[in-house]
Amino acid sequence: MLTPVILSGGAGTRLWPLSRELYPKQLLPLTGTRTLLQQTVLRLEGLTSAGPVIVCNEAHRFLVAEQLRQLHITPRATVLEPFGRNTAPAIALAAHAALKGVGSWSCPPIM
């Protein structure tokens, strides 16, 4: 079974002042009524897959959850990063969460 992974992170610096650290571009409706995150999730329609694994910053978890709720999407897992670690670690955490089938999981700080 296919398990989509959606990485929702960033520092919010490229589209400043619209995008900010606590409200990054993927949570903004830049090209219509849906946010970039919502548009990404909607592109999964028609796939035979499990719910997506979402990787996001701990500070964005409620915004992400609300945007998914608006679409009636239940993620397979939500991985909460205390701070960004780049793409490879986020994908590794998502794979681990998908295999475990956890609902919400906070990544322990890694020094």
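A residue is called buried when its relative accessible area is under 20%, exposed when that area is over 50%, and partly exposed in between. With that in hand, welcome to this predicted model.

Let us start with the overall layout. The protein contains 3 helices and 4 strands, and along the sequence these elements follow the pattern β-α-β-α-β-α-β. Of the 111 residues in the protein, 32% are buried. The exposed surface comes to about 6900 Å², and carbon and sulfur atoms supply 60% of that area. Contacts can also reach across the sequence: among those between residues at least 6 apart, 63% join residues at least 24 apart.

| Residue | Relative accessible area | Class |
|---|---|---|
| Q67 | 7% | buried |
| R85 | 31% | partly exposed |
| H96 | 36% | partly exposed |

Q67 sits in helix α2, which spans residues 61-70. Because its relative accessibility is 7%, Q67 counts as buried. Which residues is Q67 in contact with, leaving aside its neighbours within four places in sequence? They are Q26, L27, T35, L37 and Q38.

R85 belongs to the loop between strand β3 (77-81) and helix α3. Its C-alpha atom is separated by 9.6 Å from that of G9, although the two residues are 76 residues apart along the chain.

H96 is part of helix α3, residues 87-100. Between the C-alpha atoms of H96 and V79 there is a separation of 9.7 Å, and these residues are 17 residues apart along the chain.

Notes. Residues are numbered from 1 along each chain as its sequence is written. This is a predicted model: local features need pLDDT of at least 70, side-chain atom pairs count only at pLDDT 80 or more; totals for chains, interfaces and linings use all residues. Side-chain values use heavy atoms; hydrogens and water are left out. Helices (H or I, at least four residues) and strands (E, at least two) are DSSP runs, numbered from the N terminus. Buried means under 20% relative accessible area, exposed over 50%, partly exposed in between (1.4 Å probe, protein chains only). Contact means heavy atoms within 4.5 Å. Accessible areas come from the Shrake-Rupley method with a 1.4 Å probe; for residues, only the protein chains shown count as cover.
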